[in-house]
Amino acid sequence: MSEARRRLAEAQGRVVAALVAGGEVPEGFDPERMRVQSASLVAKRRDIVARIRPDAAAAAGPDLVAEFAAYARARATPPPGYRADADDFAAWLRERGRMPDEEPAKRRWWSRLLSSGP
(Lines give C-alpha, C1' and ligand atoms only; values in the text may rest on other atoms or scores of the structure.)
Protein backbone atom coordinates (compact mmCIF):
# COMPACT_ATOMS: atom_id res chain seq x y z
CA MET A 1 0.00 0.00 0.00
CA SER A 2 2.77 2.50 0.82
CA GLU A 3 4.39 1.91 -2.59
CA ALA A 4 1.10 2.80 -4.30
CA ARG A 5 0.82 5.96 -2.21
CA ARG A 6 4.39 6.94 -3.02
CA ARG A 7 3.74 6.53 -6.76
CA LEU A 8 0.53 8.52 -6.47
CA ALA A 9 2.31 11.31 -4.58
CA GLU A 10 5.04 11.45 -7.24
CA ALA A 11 2.43 11.59 -10.02
CA GLN A 12 0.54 14.35 -8.22
CA GLY A 13 3.79 16.25 -7.77
CA ARG A 14 4.42 16.12 -11.52
CA VAL A 15 0.92 17.44 -12.24
CA VAL A 16 1.33 20.29 -9.75
CA ALA A 17 4.76 21.15 -11.17
CA ALA A 18 3.27 21.30 -14.67
CA LEU A 19 0.46 23.56 -13.47
CA VAL A 20 2.33 26.04 -11.27
CA ALA A 21 6.00 25.83 -12.15
CA GLY A 22 6.13 25.23 -15.89
CA GLY A 23 7.15 21.62 -15.43
CA GLU A 24 6.85 19.00 -18.13
CA VAL A 25 3.30 17.81 -18.75
CA PRO A 26 2.97 14.23 -17.46
CA GLU A 27 2.16 11.46 -19.89
CA GLY A 28 -1.55 10.98 -20.39
CA PHE A 29 -2.46 14.65 -19.95
CA ASP A 30 -3.51 16.95 -22.77
CA PRO A 31 -0.74 19.59 -23.03
CA GLU A 32 -3.13 22.28 -24.30
CA ARG A 33 -5.57 21.75 -21.45
CA MET A 34 -2.72 21.83 -18.94
CA ARG A 35 -1.45 25.09 -20.50
CA VAL A 36 -4.90 26.66 -20.27
CA GLN A 37 -5.36 25.54 -16.67
CA SER A 38 -1.90 26.80 -15.73
CA ALA A 39 -2.64 30.20 -17.29
CA SER A 40 -5.93 30.30 -15.40
CA LEU A 41 -4.22 29.61 -12.07
CA VAL A 42 -1.64 32.35 -12.72
CA ALA A 43 -4.43 34.79 -13.65
CA LYS A 44 -6.29 33.97 -10.42
CA ARG A 45 -3.14 34.54 -8.36
CA ARG A 46 -2.45 37.80 -10.22
CA ASP A 47 -5.95 39.13 -9.59
CA ILE A 48 -5.80 38.31 -5.88
CA VAL A 49 -2.29 39.76 -5.54
CA ALA A 50 -3.45 42.95 -7.26
CA ARG A 51 -6.27 43.29 -4.71
CA ILE A 52 -3.97 42.68 -1.76
CA ARG A 53 -1.15 44.93 -3.06
CA PRO A 54 -2.69 47.55 -5.35
CA ASP A 55 0.59 49.46 -5.08
CA ALA A 56 2.39 46.57 -6.79
CA ALA A 57 -0.28 46.36 -9.50
CA ALA A 58 0.03 50.12 -10.07
CA ALA A 59 3.83 49.88 -10.21
CA ALA A 60 3.61 47.17 -12.87
CA GLY A 61 1.05 49.27 -14.73
CA PRO A 62 0.05 48.04 -18.18
CA ASP A 63 2.76 45.35 -17.92
CA LEU A 64 1.05 43.66 -14.95
CA VAL A 65 0.07 40.54 -16.90
CA ALA A 66 3.57 40.05 -18.35
CA GLU A 67 5.36 41.00 -15.11
CA PHE A 68 3.30 38.63 -12.98
CA ALA A 69 3.70 35.82 -15.50
CA ALA A 70 7.48 36.28 -15.41
CA TYR A 71 7.43 36.38 -11.60
CA ALA A 72 5.32 33.20 -11.45
CA ARG A 73 7.58 31.35 -13.91
CA ALA A 74 10.64 32.28 -11.84
CA ARG A 75 9.34 30.37 -8.80
CA ALA A 76 9.35 26.61 -8.38
CA THR A 77 6.21 26.84 -6.23
CA PRO A 78 3.99 29.72 -5.13
CA PRO A 79 4.61 31.13 -1.66
CA PRO A 80 2.37 29.82 1.14
CA GLY A 81 -0.59 32.18 1.06
CA TYR A 82 -1.76 35.11 -0.99
CA ARG A 83 -0.30 37.77 1.35
CA ALA A 84 3.16 36.20 0.99
CA ASP A 85 2.65 35.97 -2.78
CA ALA A 86 1.66 39.65 -2.94
CA ASP A 87 4.62 40.76 -0.83
CA ASP A 88 7.03 38.59 -2.84
CA PHE A 89 5.70 40.04 -6.09
CA ALA A 90 6.20 43.57 -4.74
CA ALA A 91 9.77 42.68 -3.73
CA TRP A 92 10.35 41.13 -7.17
CA LEU A 93 9.22 44.37 -8.82
CA ARG A 94 11.36 46.42 -6.42
CA GLU A 95 14.46 44.35 -7.30
CA ARG A 96 13.87 45.22 -10.96
CA GLY A 97 13.43 48.92 -10.31
CA ARG A 98 9.72 48.82 -11.12
CA MET A 99 8.56 49.77 -7.62
CA PRO A 100 9.91 52.37 -5.22
CA ASP A 101 11.42 51.35 -1.90
CA GLU A 102 8.96 51.21 0.95
CA GLU A 103 9.07 54.08 3.39
CA PRO A 104 10.32 52.85 6.78
CA ALA A 105 7.66 54.79 8.65
CA LYS A 106 4.84 53.71 6.35
CA ARG A 107 1.82 52.69 8.38
CA ARG A 108 -0.74 50.13 7.31
CA TRP A 109 -4.22 51.45 6.60
CA TRP A 110 -5.67 49.78 9.68
CA SER A 111 -3.10 51.33 12.02
CA ARG A 112 -4.63 54.74 11.30
CA LEU A 113 -7.96 53.42 12.58
CA LEU A 114 -6.43 52.10 15.76
CA SER A 115 -4.56 55.31 16.56
CA SER A 116 -7.43 57.70 15.88
CA GLY A 117 -9.27 58.85 18.94
CA PRO A 118 -13.02 59.32 19.47
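User: Where do Phe-89 and Trp-92 lie, and how many residues apart are they?
Analyst: Both Phe-89 and Trp-92 are in helix α5, which covers residues 82-95, and they are 3 residues apart, about one turn of the helix. Helices here are DSSP runs (H or I, at least four residues), numbered from the N terminus. An α-helix has 3.6 residues a turn, so residues three or four places apart point the same way. This is a predicted model, in which local features need pLDDT of at least 70 and side-chain atom pairs count only at pLDDT 80 or more, while totals for chains, interfaces and linings use all residues. Residues are numbered from 1 along each chain as its sequence is written, and side-chain values use heavy atoms, with hydrogens and water left out.

User: And Phe-89, is that one buried or exposed?
Analyst: Phe-89 is buried, with a relative accessible area of 0%, where buried means under 20%, exposed over 50% and partly exposed in between (1.4 Å probe, protein chains only). Trp-92 counts as buried too, at 10% relative accessibility.

User: Switching to rings, how many aromatic pairs does the structure hold?
Analyst: The structure holds 5 aromatic pairs, counted for rings of Phe, Tyr and Trp (its six-membered ring) whose centres lie within 6.5 Å, with planes under 30 degrees apart called stacked, over 60 edge-to-face and the rest tilted. One of them joins Phe-68 and Tyr-71, whose ring centres are 5.2 Å apart with the planes at 50°, so this pair is tilted.

User: Where do those two lie?
Analyst: Phe-68 and Tyr-71 both belong to helix α4 (residues 64-73), 3 residues apart. Phe-68 is buried at 0% relative accessibility, and Tyr-71 is buried with a relative accessible area of 0%.

User: Last one, what does Ser-38 touch?
Analyst: Ser-38, in helix α2, touches Ala-18 and Leu-19, not counting residues up to four places away in sequence.

How values were computed. Contact = heavy atoms within 4.5 Å.
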